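Hi,

Here is the structure I said I'd pass along. Have a look first, and my notes follow below.

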Amino acid sequence: MIKSDIESILQFNSKTELIESTLFIFDIDSTLYNVSPRTQTIVDHFLQHSKNQDLDPEAAKDLQKIKIQKSDWGFGEALERENFRSSFKFTKTLTEYWRQHFFSNDYLQFDQYYPGAVEYLNIINSHSPLIYLTGRSRQKMEAGTIDKLKHDGFPLNAENTLIMKENTEADNLYKLKVVESYMPSYQRIVIYENEPLIINTIKEKCPNIHFVFINSTHSRKENLKYNHPVIEMDYTPLL
Ligand SMILES: [Mg+2]
């Protein structure tokens, strides 16, 4: 059963607030999953190609020693932290290689869900409607996303809609539109999200929406403009 921690972090007043008419919306990347192992594996595979190493052998050696941490946004922050230097061509090729594979089905299997996330979502799902709202491209990442969520035991049945991006619209505007479309059908909406730009955009337009901020990593485009309950990459305190 749901313990009182859940209600308190959602700033609910009582258990009776957790009713059918509350919709729970979960982002995926850096909200449910640490995606740094995906990036690390892509970088490792990049280095396995000798034609990539040949672009800048010294840089290739340096890159091999750099470890992507779970608080890193992509690989750029890790390179910056380690004061990584390389030829333009090397970094350009690495960036293209990373982008091509990161936004694909092929490496999603390397993502690691945050502790307790699977159990937490299953508890929520047994009490309330739950959907996923991700900036991942449906065209490029749908199959891998479904496989991974199911493999890891996240609730994904007919009623757990998986909303993915169908075009190249900015994530914050795309998510705002989706959330607005759900508002008439639910008394309360709670969104779990790691990106301040998205939270701020939606909160400004829809002040009644509740957020839980996942303090993992984000684009650094904005800081949070409002206070929200926080999850520190670990859902177990909520179980
Ligand atoms: Mg995210």
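**The open sheet**

Six strands line up in an open sheet with parallel pairing, in the order E5-E4-E1-E6-E7-E8. Strand E5 (162-165) and strand E8 (230-231) sit at the edges with a single partner strand each, so one side of each has no neighbour in the sheet. This is a predicted model, in which local features need pLDDT of at least 70 and side-chain atom pairs count only at pLDDT 80 or more, while totals for chains, interfaces and linings use all residues. Residues are numbered from 1 along each chain as its sequence is written.

A quick word on terms: helices (H or I, at least four residues) and strands (E, at least two) are DSSP runs numbered from the N terminus, and two strands pair if DSSP finds at least two bridges between them.

Ser-137 has Lys-165 in E5 as its bridge partner.

Now for E6 (residues 188-193): five of its six residues are buried (20 or more other C-beta atoms within 10 Å of a residue's own, with C-beta atoms placed from the backbone). Strand E1 (residues 22-26) pairs with E6 in the parallel sense over five bridges, and Phe-24 stands opposite Val-190 in E6. E6 is also joined to strand E7 (residues 210-214), running parallel, by four bridges; here Ile-191 has Phe-211 in E7 as its bridge partner. Between E6 and E7 the chain passes through helix H10 (residues 196-205), a right-handed β-α-β crossover (with the strands pointing away from the viewer, the path from the first strand over the helix to the second runs clockwise).

Cheers

Terms used:
Buried ≥ 20, exposed ≤ 12 C-beta atoms within 10 Å, placed from the backbone.
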